[in-house]
Amino acid sequence: MPKRYLKSVGAYLPHLRLDRKAAAAALGWSGLGGPKAGRRSVAGWDEDALTMAVEAARGAVAPNSPESVVFASTSAPFRERLQGGILCEALGLSGDVSAMDVAGSRRCAVSALRRALLDARGDTLIAAGEKRHTVPGSSLQLAWGDGAAAALVSDDGFAELIGEATLNADLVDIYVSDERPAPYQSEERFIRDEAIEMVLAPAIRQACGKAGIEPADIAFAAVHEPVAGTWKLLAAAVGLKAPNLCEEVAAAAGDLGSAHALFGLALASERAKAGDIVLVAGFGSGADVLLFRMTAAPPTNDSVLDTLARGVSTANYTRFLSLSGALSLDWGPRSEVDQKTAASVLARHGRDMHGFVGGRDSRGNVQFPKTAVPVSPDATGPEQLEDVPLSDVPARIVSIATDRLNFTPDPPFYFGLVQFDNGARVAMELRDVEGSAPRVGDPLRMRFRIKSIDRKRGFRTYFWKAAPAERPLLETV
Amino acid sequence: MASGIRDRVVIAGMGCTEFGERWDTGADALMVEAFEEALRDAGIERGQIEAAWLGVALDDVNVGNSALPLATALRLKNIPVTRVENMCATGTEALRAAVYAVAAGACDIALALGVEKLKDTGYGGLPLRTKGLANDLWMPYGSMPGAFSQLASAYTAKHGVDAGDLKRAIGHVSWKSHQNGALNPKAHLRKPVSMETILNAPMIAEPLGLFDCCGVSDGAACAIVTTPDIARGLGRNDLVSIKAIQLSASNGWESQYGEWDGAYVRNTREAAKRAYREAGVTDPRTEMGMTEVHDCFSITELVTMEDLGLSDDGRAVFDVLDGTFDREGALPCQTDGGLKCFGHPVGASGLRMAYEVYNQLLGRAGERQRPSIDLGLTHNLGGAPANSIAAVSIFGRLD
């Protein structure tokens, strides 16, 4: 069998983190809550599993171009609309890239990764994102977080697959159904003990056996714990000595669902040195286990450690509830806006919107969107513009507004004129501004986001928004 | 080469309703109220109107599509009536159409009427969304205070103006308009407001506080225009002439091409340049007796002073603070209270501005009257600085 490798990895967390201690204090009167230490990551109102997966994939893909793409999530915004296809467009991939969505359990991303390593040919991107619905009072609400991670599989790379195992078990630790859209969790000690006994220990032992290594040989682990404390008992039972980096992710951002093990893998890739063995385990209705031997340092776009360490913290529990959809506020007449999207318009322009594709005219000027007659002052008539993607082009603020009148689910609404280094100029919404004081001339980076949500018809569109080029460092909790 | 419209058309009569929260009436009655005043002023019968233009900016909100609301409300005699719309510059567009019709010789007497009835719907000035346009897929929909506050961010960066100086200057703009509005019996807001109140008001879009933003109003304004000869035939001797009406519209250069610095409104400069040429004005600072400009936000008025050539670039902050544009200043601006205090029934505002200049030129402005005004300018701005439509008109006595 040909050797298969991880070629690159990526990870993404939203800007905002909820201080769990503050949330626990808000719930203190009830005796409900969940974990009280650390933070949970909170997706912006305009982020969902897909947008975050795109951001993680941007860290993993460039400048590679995969032949197939898998979008993995248990909280995908659409059941009928291929999100893997939108992901391809956002990454600027051509229309003939094989795209599919996977779900079913939160180990779906690691299952897809295992298949890409064992079965697929060529480069395959797995991008997992999660923004899961939870109910206030449930311990899962504070234990879970929103985020994404991605991995690119290839015939060469920085980490070689040396062992694997898969095991199905209908161990119902949590479930979500049409009748029960919020997760229902079983008793935690039952989950912990049976997950080790029935699933994780045998699968890890099997993978180690296939790789011809001992569990103690593993340098770093990225094992998705079904509940906190599982790793400690599992390590003792199996003889694992490695730190489980998924515990760090859970403490700093929360359990990221389908993205959790991949996020831990991205973190492990950054820390491990050549020769180190890394264990990855996705959990949910069984487990998929992968063992890699590091052969080199991974290519880096964004530092995964930085992703964990940067953002802004909030102690505002009601803001979190509103952003997560657990609290429905009456925003008044200003919010009474019909956001219906014309499907024909989306069909005409969707690829350019998702890919942030502008055009270069015959004089060399770049503009967005493309128009029949270019915006260049000396243009004389219609012409065909050459496609120019803008999502990775450095940009700066020309003018900016902090708008406290316009409706947005997370005021204030920031927007302004953005000047790209290649000459394009675009009026854009600015996001992730909290924690910085943006001024004219400040550098920006582009983020893939929800543009509009049509709540009446249950539809959403996607576009790009500008964000400060660098996030502030979080203070240590 | 076109010779322009200077002195080819005069105002036979004007009318303007009281602006404000007109819970007492609907759009049809507002139109009638303004029109009846204009008819009395002109001394003509309604049957003498040969063509009419209706300016309504926000048809989805209040008055309705087409010219029928005007034709029906005034019971016009099956004459050609056309509705025009160019965002907040709509009122001047209606006037421009009527003036052009008379100047072209297509008719002898024409009517321009602008109206807006916003308060019944709870409309608060937020932009209306388009439906199904490609723009919906990418364009940010901010509020107008947000769009114009960007002017302040870019202006501050370009000219290195101290943020405190700018805040005081834009505060003075609004303070002055409240002082003037208090003397205007038709104004929406007739209460003087202290600088302390203005500077400490809640923030809407930095640096624009509550008093830096005009609201929207109900109201109507209109003009009956004709030729100088016909006006004299009607017994009018003291004639107010249209010296120039010029319009300039964005083509995407500001928002899509990488040259504009965001610190001025290009279309105001273009329209002003053409209007001065059409009117034969060579030195607006000394020739212009007054201005009524589109003070939708205080920063707009401040920057407009530079765009009209009435302040040097980067100096309007100091000219404003020196009182140059106060009612008693060298070049009074918004003697009627402006959009800020007279009010902003969007489709009527351009005609309301003309109404104040007309009254000042005829010495009818009551307590607000300024002595010896020979030329007055209106500046009516639609859209936002990055995508605008600017109309600049100049009025004066017929030579």
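Modeller: This is a predicted model. Start with a surface patch: A:Val172, A:Tyr175 and A:Tyr184 form a nonpolar patch, with about 270 Å² of accessible area together.

Biologist: Why is A:Tyr184 called partly exposed?

Modeller: Its relative accessible area is 43%. Buried means under 20% and exposed means over 50%. The value falls in between, so A:Tyr184 is partly exposed.

Biologist: Now a residue of chain B. Why does B:Arg327 count as buried?

Modeller: The relative accessibility of B:Arg327 is 18%. The limit is under 20%, so B:Arg327 counts as buried. B:Arg327 lies in the loop between helix 12 (316-321) and helix 13 (338-341) of chain B.

Biologist: How do you know that B:Arg327 makes a polar contact with B:Asn180?

Modeller: The two side chains come to 2.7 Å. The cut-off is within 3.5 Å, so the pair qualifies. B:Asn180 is also among the residues that B:Arg327 touches, as are B:Gln179, B:Leu183 and B:Glu367.

Biologist: What makes strand 21 and strand 22 of chain A a pair?

Modeller: Pairing takes at least two bridges. Strand 21 (residues 443-454) and strand 22 of chain A are joined by 10, so they pair. They run antiparallel. A:Arg449 stands opposite A:Phe463 in strand 22 of chain A. The hairpin has four residues between the strands, and A:Gly458 takes a positive phi near 65° there.

Biologist: How covered is strand 22 of chain A?

Modeller: Mostly covered: eight of its 10 residues (459-468) are buried.

Biologist: Which strands pair with strand 11 of chain B, and how do you know?

Modeller: Strand 8 (residues 240-249) of chain B is joined to strand 11 of chain B by nine bridges. Strand 10 (residues 375-384) of chain B is joined to it by 10. The requirement is at least two, so both count as pairs. Both pairings are antiparallel. Strand 10 and strand 11 of chain B form a hairpin with two residues between them.

Notes: Residues are numbered from 1 along each chain as its sequence is written. Chains are lettered from A and ligands numbered from 1 in the order in which they are written. This is a predicted model: local features need pLDDT of at least 70, side-chain atom pairs count only at pLDDT 80 or more; totals for chains, interfaces and linings use all residues. Side-chain values use heavy atoms; hydrogens and water are left out. Buried means under 20% relative accessible area, exposed over 50%, partly exposed in between (1.4 Å probe, protein chains only). A polar contact is a pair of N or O atoms within 3.5 Å; within protein, one must be able to donate a hydrogen and the other to accept it, and residues adjacent in sequence count only if both atoms are side-chain atoms. Contact means heavy atoms within 4.5 Å. Patches are made of residues with over 30% relative accessible area and no salt bridge: like charges are joined within 9 Å, nonpolar side chains (Val, Leu, Ile, Met, Phe, Trp, Tyr) within 5 Å. Accessible areas come from the Shrake-Rupley method with a 1.4 Å probe; for residues, only the protein chains shown count as cover. A salt bridge is a side-chain nitrogen of Lys or Arg within 4 Å of a carboxyl oxygen of Asp or Glu. Lists of a residue's contacts leave out its neighbours within four places in sequence.
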